[in-house]
Amino acid sequence: MELTSEQKQEIHKKLNATWSSTNCPKCGKAWVHVDDFLSEIREYQGENISEDQKVAPVIILSCLVCGHIEYISPKILKITGF
Ligand SMILES: [Zn+2]
C-alpha cells in the first residue's frame, strides 16, 4: 500500500514532535527517509504460511547515509487511515 504525500508529511510531523532526536542512531547524521509504501511484519509460524498469521503494518524509515532501517507503527502514531 502506497503512502500518500499527506500521510508522509503527517509521519514527519509526529516524529519531529515525539522523538528526542531525528538523527540516525547508528551514524549520527540527519537521516529520516520515509519509504513510499506501507509494509508488514508477519507472525512467525515456522515454515507454515497460513491465512491465520497475525500481520502488523509498519512504516519503514531509512538512513540515506549508512542504510540503517527502523520500523514504526502507523497505529501507535495514529496516522490517518490506520
Ligand atoms: Zn545512518
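**Exercise 1. Decide whether Gln7 is buried, partly exposed or exposed.**

Step 1. Recall the cut-offs: a residue is buried if 20 or more other C-beta atoms lie within 10 Å of its own, exposed if 12 or fewer, and partly exposed in between, with C-beta atoms placed from the backbone.

Step 2. Apply them. Gln7 has 19 other C-beta atoms within 10 Å, so Gln7 is partly exposed.

Step 3. Note the source of the coordinates. This is a predicted model, in which local features need pLDDT of at least 70, side-chain atom pairs count only at pLDDT 80 or more, and totals for chains, interfaces and linings use all residues. Residues are numbered from 1 along each chain as its sequence is written.

**Exercise 2. Place Gln7 in the chain and list what Gln7 touches.**

Step 1. Gln7 belongs to helix α1, residues 5-18. Helices (H or I, at least four residues) and strands (E, at least two) are DSSP runs, numbered from the N terminus.

Step 2. A contact requires that the C-beta atoms of two residues, placed from the backbone, lie within 7 Å. Setting aside residues up to four places away in sequence, Gln7 touches Ile79, Thr80 and Gly81.

Step 3. Compare sequence with space. Gln7 and Lys78 are 71 residues apart in sequence, and their C-alpha atoms are 10 Å apart.

**Exercise 3. Check the length of α1 and find how many of its residues are buried.**

Step 1. The expected span of a helix is 1.5 Å times one less than its number of residues. For the 14 residues of α1 this gives 20 Å, and the end C-alpha atoms are 20 Å apart, which agrees.

Step 2. The number of buried residues in α1 is zero, so the helix lies largely in the open. In the protein, 7% of the 82 residues count as buried.

**Exercise 4. Describe the order of the elements and the sheet.**

Step 1. The protein has one helix and three strands. From the N terminus on, they run α-β-β-β.

Step 2. The three strands form an open sheet in the order β1-β2-β3, with antiparallel pairing. Two strands pair if DSSP finds at least two bridges between them.

Step 3. β1 and β3 stand at the edges with a single partner strand each, so one side of each has no neighbour in the sheet. Neighbouring strands of this sheet are turned by 35° against each other on average, direction ignored. Axes are lines fitted to C-alpha atoms, for helices over the stretch in contact, and angles run from 0 to 180 degrees between N-to-C directions.

**Exercise 5. Count the bridges between the strands and name some partners.**

Step 1. Eight bridges join β1 to β2. Arg42 stands opposite Val55 in β2.

Step 2. Strand β2 (residues 55-63) and β3 are paired over four bridges. Across from residues in β3, Ile59 stands opposite Ile72, Ile60 has Tyr71 as its bridge partner, and Ser62 stands opposite Ile69.

Step 3. Look at the hairpin of β2 and β3. Five residues lie between these strands, and Gly67 takes a positive phi near 90°.

**Exercise 6. Describe the surroundings of Lys29.**

Step 1. Lys29 lies in the loop between α1 and β1. Its count of other C-beta atoms within 10 Å is 12, so Lys29 is exposed.

Step 2. Apart from neighbours within four places in sequence, Lys29 is in contact with Asn23, Cys24 and Val65. Lys29 and Val65 are 36 residues apart in sequence, with 7.3 Å from C-alpha to C-alpha.

**Exercise 7. State the confidence of the model.**

Step 1. pLDDT is the predictor's confidence in each residue, from 0 to 100. The protein averages 92, and 100% of the residues score at least 70.
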